[in-house]
Amino acid sequence: MKRSALLLSVSLLLTACHPASSGEAKTTAELTMQTTTTTPDTGTQSVQTGNYTLLSQYLAGQPSAKHLKNCRMLGGGTYLLCFENEENTYEIEYTSLAHGRECYTASADNVHTAADGFWVLNSVTEDSAAAMEWNGVKYSGLSIYSNSLGLEAYADLSPLGKIDALTVDLQSQTVYAAKQSADGLCVEKLGFFQKEPQTVCTIVPTDTEPYLEQIAALHSCGDFLALLGTAQMDGESVSCFGGISLRDGAVRLYPCSGGTYAMAAFDGGAYFYDVSKPTGSIYRLDDAAETEITLINTAESRQVFVSQSGAYFATCVKTAPDTAEITVYNADGRRITKSVSHESKEITDDVRMYFDEEANRLLYCAATDDWREILF
């Protein structure tokens, strides 16, 4: 059976990080520049530099070898930023426009941002150690940090075993994982302080209707899990998206024959779009319903970026080697603004966009390290 390639847009962040040679990590909930405590998992250094009006100005002042990989808006001119350095090391920064970088941390393992902070997977190298295995790497546990880089909790992940996809809900302190079992495709949940996972649902193959056969990505959305994967339909594996209710385990499935779908996740749901061809349509999925949105330009449907709350999304269409049209919509698909961006360099395939909903600004990078902002 053919399996469609699946592309994931990064509202989720997955990066391999390396520990700092020395440093300190905060353990208090509030940012206190003078008080830090050493931990084995992260090294945090506190710095107060700069005074900026726009985040793009702050990014323009970074060294050329330092590349922004993800950005989360915290409000009040503060941001949680992840940078990749030239030597394949990574930094997480708590940054204020009024003071520049206030503190940063370097992590030994994979880092993911979430609605209420970020979390780090702790890898293990010993073959005999009890661990969760994901994408060929073994992990012992999960360290959870606040937005201001304070260590808040640790969860043992070894009871999950070998999995295909993972997501974390920091508010409910629960990990959700998808895996193949003897009975079919299984989704499990594991509380931070529980020793054994519980089954959310098991999808059993059937001959009468399309069914979910693999989950490549999960995203926690409160009372349901948004998913991206493959479905079995008419004897063929096709790209699909959908959701799983955490109340009763019911599955909403949307097979997409002939397409390759990606997910742009927000705090309460996700947008799905076909990256393989212009369709002119994208899909919004939240706990209430799935909604199809028709865009003004058919080509816009191939590249979608969403705000953290899901209230806005943006599209980017390359119209010339150094020119792109950027359009901002509200959640219902009503166009708010359209801007033509003339770049100093050629438009790249790695376009990145982040919304500052409080300031009504869209931060974007359409050419290499050329960060700009537009009002919407």
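The side chain of E102 makes a polar contact with the side chain of H99, at 3.2 Å; a polar contact here is a pair of N or O atoms within 3.5 Å, where within protein one atom must be able to donate a hydrogen and the other to accept it, and residues adjacent in sequence count only if both atoms are side-chain atoms. E102 itself sits in strand 5, residues 100-107, and is buried, with a relative accessible area of 8%. Buried stands for under 20% relative accessible area, exposed for over 50%, and partly exposed for the range in between (1.4 Å probe, protein chains only).

The model is predicted: local features need pLDDT of at least 70 and side-chain atom pairs count only at pLDDT 80 or more, while totals for chains, interfaces and linings use all residues. Residues are numbered from 1 along each chain as its sequence is written, and side-chain values use heavy atoms, with hydrogens and water left out.

Confidence comes next. The mean pLDDT (the predictor's confidence in each residue, from 0 to 100) is 84 for the chain, and 85% of the residues reach 70 or more. Over residues 1-41, however, pLDDT stays under 50, and the model has 122 contacts beyond four places in sequence for this stretch; a contact means heavy atoms within 4.5 Å. Where pLDDT is low, the predicted coordinates should not be read in detail.

The chain holds 1 helix and 30 strands, taken as DSSP runs numbered from the N terminus (helices H or I, at least four residues; strands E, at least two). Of its 376 residues, 53% count as buried. Among contacts with a separation of 6 or more, 45% come from residues 24 or more positions apart.

One part of the strand architecture is an open sheet of 4 strands, in the order 24-25-26-27, with antiparallel pairing. Its edges are strand 24 (304-306) and strand 27 (335-342), each of which pairs on one side only; two strands pair if DSSP finds at least two bridges between them. Within this sheet, 8 bridges join strand 25 (residues 312-320) to strand 26 (residues 323-330), and K318 has A324 in strand 26 as its bridge partner.

Most residues other than glycine have a negative phi. N135, in the loop between strand 8 (132-134) and strand 9 (137-145), has a positive phi near 55 degrees and is exposed at 61% relative accessibility. D234, in the loop between strand 17 (224-233) and strand 18 (236-245), likewise has a positive phi near 55 degrees, and its relative accessible area of 79% makes D234 exposed.
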